[in-house]
Each structure stands twice: as C-alpha cells, then as structure tokens.
Amino acid sequence: VDRRQPIELQQKFEQNPELRIRTMQQRSYSFIPHEYRPKKKGERVEAFVDGAWRLATVHKLDKKNHPYLNVDGYLGEFTNTKIRQIKEGRKWTDDELRRLEDGILRYGKDWNTIWQKMDFVDRRQPIELQQKFEQNPELRIRTMQQRSYSFIPHEYRPKKKGERVEAFVDGAWRLATVHKLDKKNHPYLNVDGYLGEFTNTKIRQIKEGRKWTDDELRRLEDGILRYGKDWNTIWQKMD
C-alpha cells in the first residue's frame with residue numbers, strides 16, 4: 001500500500017501486453033449452466049463468481065449453445081459456476097433509493113463501495129444495487145446528468161478524442177479517456193469506474209513511475225487473477 005497507488009497498477013496492466021495476455025488467458029473459460037441456460041449473445045444474467053452473485057453478459061454461445069460470459073468488473077470469461085436469470089428482489093423503499101442515488105453520485109458505479117458506505121450491508125447485496133441502477137432509467141439519467149461536466153485542464157490539455165490521461169477525481173489520480181473536445185478544444189472526460197463526465201479537476205499526461213520489481217509484478221499478476229480489474233482491492237490486499 002505504501003509503495004504504489006491504484007492508478008499505477010492499472011497503468012502497468014495497460015502498458016504490459018504480456019501481462020494482459022497471461023491474465024486474460026488464465027481467467028478465460030466457459031460457464032456451465034445450472035438452473036438456467038442463456039438463449040442469445042448479449043443477454044444479461046447473474047453468475048456466481050468468487051463467492052457472490054454478479055451481473056454478467058453472454059459473450060458468445062458455442063455450437064452446442066454452451067455459454068461464455070463476461071462478468072462485470074472481471075477479466076475475460078470464467079468457468080464452472082452457476083448461472084441464473086436476473087431476479088427482482090423485494091420492493092425498494094424510498095430511503096434505499098435515496099441512499100443508492102447518493103452513493104452513485106459519490107462513488108460512481110463502485111457497487112461494493114456503495115454497499116459498504118451507504119448502509120446496505122444488512123439489507124441488500126451489491127448485485128441488487130447494480131440491477132436497480134440498470135433497471136431504473138430515471139435514476140440513470142439523474143445521476144449521469146449530475147456527474148456530467150467538462151474538465152478544466154491545468155498542467156496538460158488533451159489533444160484528441162480517445163486520448164488516455166490522468167484526472168484528479170475524488171481525492172486521487174485516476175485513468176480517464178477523452179470523450180470529446182468542444183469547439184474551443186475544451187476536454188470532456190470519462191473517468192474509469194465512474195459515471196459520465198466530471199468537472200473542475202486537474203488533468204495530466206500519464207506518467208511512468210519508478211521501475212517495477214519482479215516481486216511487485218508477481219503480486220500484481222496474482223492480484224488480477226484473484227480480483228480481476230478491481231485495482232483498489234488489489235492495492236489493499238496484495239501488499
């Protein structure tokens with residue numbers, strides 16, 4: 001935790017094609033359907049991965065209609081887990097909806113953080129928060145509108161759409177992509193793991209930090225295989 005920041009882990013993953021290939025190959029397998037067999041590519045389902053039900057998308061169906069899934073927030077495809085249709089839980093209260101909206105505005109689409117910080121631990125599961133967001137168009141519109149603003153460039157002004165930069169958001173430097181440039185070349189950004197666009201923050205070019213040790217690379221790879229692309233969890237759990 002004292003040696004690296006979460007953004008450095010993500011940068012190293014993006015800048016190291018061999019690491020990306022190795023981790024995605026090791027986490028890329030088909031699912032065995034149990035109580036439900038998906039019917040088409042692109043279908044949204046629930047998959048039991050790493051001890052919890054998580055939302056997933058059908059990546060492909062093989063010749064025998066055996067499903068391959070992409071699990072939200074994880075690398076590649078996964079193996080030997082239960083699949084079920086998305087289930088609607090008990091009715092949401094007005095207070096739960098308010099806390100969910102407040103959590104999205106604070107933490108973006110980080111469902112585990114919202115679950116922990118916004119008093120859902122004894123009431124809901126993280127997957128239920130994500131489901132409610134996906135199934136409620138008014139909530140999506142409200143939260144994305146409130147978090148959708150342009151950035152003010154400080155030490156660096158992006159030059160083109162699609163450029164990768166670092167943006168200082170919610171107290172930390174985070175990787176971001178230039179969503180668009182207006183007529184005055186004023187940048188709008190999409191920040192990784194957050195909703196929409198953001199406002200009034202510093203922007204800088206992606207910086208290469210100090211050299212990575214073999215031990216750090218090993219722990220990073222182990223972390224990706226355990227936790228997917230959850231950089232904050234890898235940062236906390238993998239020393």
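Mentor: Start with terms: strands (E, at least two residues) and helices (H or I, at least four) are DSSP runs numbered from the N terminus, and two strands pair if DSSP finds at least two bridges between them. The model is predicted, so local features need pLDDT of at least 70 and side-chain atom pairs pLDDT 80 or more, while totals for chains, interfaces and linings use all residues. Residues are numbered from 1 along each chain as its sequence is written.

Trainee: In β7, which residue is the bridge partner of L181?

Mentor: Strand β6 covers residues 172-181. It pairs with β7 in the antiparallel sense over five bridges. In β7, the partner of L181 is P187.

Trainee: What is the order of the four strands in the open sheet?

Mentor: The pairing is antiparallel. The edge strands, each pairing on one side only, are β7 (187-191) and β8 (203-204). The order is β7-β6-β5-β8.

Trainee: How much space lies in the largest cavity?

Mentor: A cavity is a set of points on a 1 Å grid over the protein atoms alone where a 1.4 Å probe fits but cannot get out. Its volume is the space filled by probe spheres set on the points, which are joined across faces, edges and corners. The structure holds three cavities of 30 Å³ or more. The largest has about 150 Å³.

Trainee: Which element gives the most to the lining of the largest cavity?

Mentor: Lining residues have an atom within 4 Å of a point, and there are 12 here. Elements giving two or more are α7 (214-227) and α8 (231-237). With three residues, the most comes from α7.

Key
Side-chain values use heavy atoms; hydrogens and water are left out. On a 1 Å grid over the protein atoms alone, a cavity is a set of points where a 1.4 Å probe fits but cannot get out, and a pocket is an open set with protein on both sides within 12 Å along at least five of seven lines; lining residues have an atom within 4 Å of a point.
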